[in-house]
Amino acid sequence: MILVTGGIKSGKSTVALNKALKYQTRAFLATGVPFDEEMKERIRRHQEERRNLFDTYEEPVEVSRVLRTIDGRYDVVVFECLTTYLGNLYYYEVNVQEHLGKFIETLASMRTEVIIVTNEVGWGIIPENKLAREFAETLGKTNAKLAKLASEVYLVVAGIEIRIK
Amino acid sequence: MILVTGGIKSGKSTVALNKALKYQTRAFLATGVPFDEEMKERIRRHQEERRNLFDTYEEPVEVSRVLRTIDGRYDVVVFECLTTYLGNLYYYEVNVQEHLGKFIETLASMRTEVIIVTNEVGWGIIPENKLAREFAETLGKTNAKLAKLASEVYLVVAGIEIRIK
Amino acid sequence: MILVTGGIKSGKSTVALNKALKYQTRAFLATGVPFDEEMKERIRRHQEERRNLFDTYEEPVEVSRVLRTIDGRYDVVVFECLTTYLGNLYYYEVNVQEHLGKFIETLASMRTEVIIVTNEVGWGIIPENKLAREFAETLGKTNAKLAKLASEVYLVVAGIEIRIK
């Protein structure tokens, strides 16, 4: 598993997609569900970027099931992204820890290489909002768990990938 | 072109100024316009720091014009900073993309070395405020474009410069 | 002195504690005072993590006095953390600059190795709240001063320590 992390618009997705292009058969698991026009437009642009280089799967919550279903059928799957997935878990009010546990377990057992895009969200003033704080902490801890599991970890700054593991 | 990025009070400016001191003739292009007392005080302190080591130019919006005017007349110009400049583009309600496009075009053609100070602003929880979000995204994308153009890119953490390109 | 910095839940504490375990006799200076249940629970979990591997001292404000008292009696002391300590200085409305000055002076003179945990809090949109902005700036500047004094500086990202000095 490969983990690609960084700030907003740091170029993480481009780095992840470029890494995936080195594999022969490619899937893309999009966790983003368009809540508004801004997001619909964003998703449309991302789809265009990928053109027909990837088979696209869309799933906001049951990502472990999708990963297990497509495991072995592709050389690589790009998972975009952990931050949106975690947001979905809170939004749909499912058991966050249980879903994350299953997700990590699934990743640990996969034959298909997975490239996970995630975010650094804890480098600012601690949010006053309790939910935002919990979100930042949960994402931080999950990033650390995935980084432990990963064979390669990249931090992307201003479009430049820095290999940190 | 040299890009120096980092968080608030990470020591970016000091790193940029020290790099500029290695050149013989130096200009400083300040984009900050003092809106209040806090900012006036900040600008005054910055000016003291530079003393008479730099010729100072001040321009909040038409920075491309200033850069073209002084091009070739100095060995180096420190541009401080992209974050404030972008804030000015929004504040004065000019066409942001057009100005940024011209800015990048100007940078690509300059003979005088330019050292650009910018900020990492997208490493926190995604702002709820739409303008703040758009600002963070635009700055992130512009940083990546400039980093592509730059011969050297530095990330400054706790006063320590990390060369990432 | 060793400085360990990073975002929320990046794994900074674990990195600091692991570094401390290489020393024979160990102290832990906790600056966190539980204001609410969430924080009490957090402190309790941290104490469990350290078990009986560290002598624990707790002091929200007069940390310099504690450090001078225990200096020479341990091989290492983990200071957790600068961010909370700075928050305490603001909360108790003492003279922030005076306390920080004494703190840095104390650190510079210690025989016991000190491992300081701190935070990166200035990598987001500049906070509109003046106090939050001042806090981020003061912490940023203090981090840079400590990094200058330190023999080793680590940036922790997703649980991975990156030595930057």
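Predicted model: local features only at pLDDT ≥ 70, side-chain atom pairs only at ≥ 80, totals over all residues.
Residues are numbered from 1 along each chain as its sequence is written, and chains are lettered from A in the order in which they are written. Local features need pLDDT of at least 70, side-chain atom pairs count only at pLDDT 80 or more, and totals for chains and interfaces use all residues, while hydrogens and water are left out of side-chain values.

Chain A holds an open sheet of seven strands with mixed pairing, in the order β3-β2-β4-β5-β1-β6-β7. Strands here are DSSP runs of E with at least two residues, helices are runs of H or I with at least four, and both are numbered from the N terminus. Two strands pair if DSSP finds at least two bridges between them. At the edges stand β3 (55-58) and β7 (160-163) of chain A; each has a single partner strand, so one side of each is left without a neighbour in the sheet. From one strand to the next the twist averages 20 degrees.

Helix α3 (residues 63-70) of chain A lies across β2, β3 and β4 (76-80) of chain A, at about 170 degrees to β2(A). Such angles run from 0 to 180 degrees between N-to-C directions, with axes fitted to C-alpha atoms, for helices over the stretch in contact; contact means heavy atoms within 4.5 Å.

How are the chains related? Two copies of a chain are related by a rotation about an axis and a shift along it. Chain C is superposed on chain A by a rotation of 120 degrees with 0.0 Å of shift along its axis, at an RMSD of 0.0 Å. These two copies are thus related as by a three-fold rotation axis.

Between chain B and chain C, 21 residues of chain B are in contact with 21 residues of chain C. The two chains bury about 1,700 Å², 71% of it on carbon and sulfur atoms; buried area is the accessible area (1.4 Å probe) lost on being put together, summed over both parts. I8(B), K9(B) and A158(B) supply 36% of the area that chain B buries against chain C.

Conventions: Least-squares fit on C-alpha atoms with pLDDT ≥ 70 in both.
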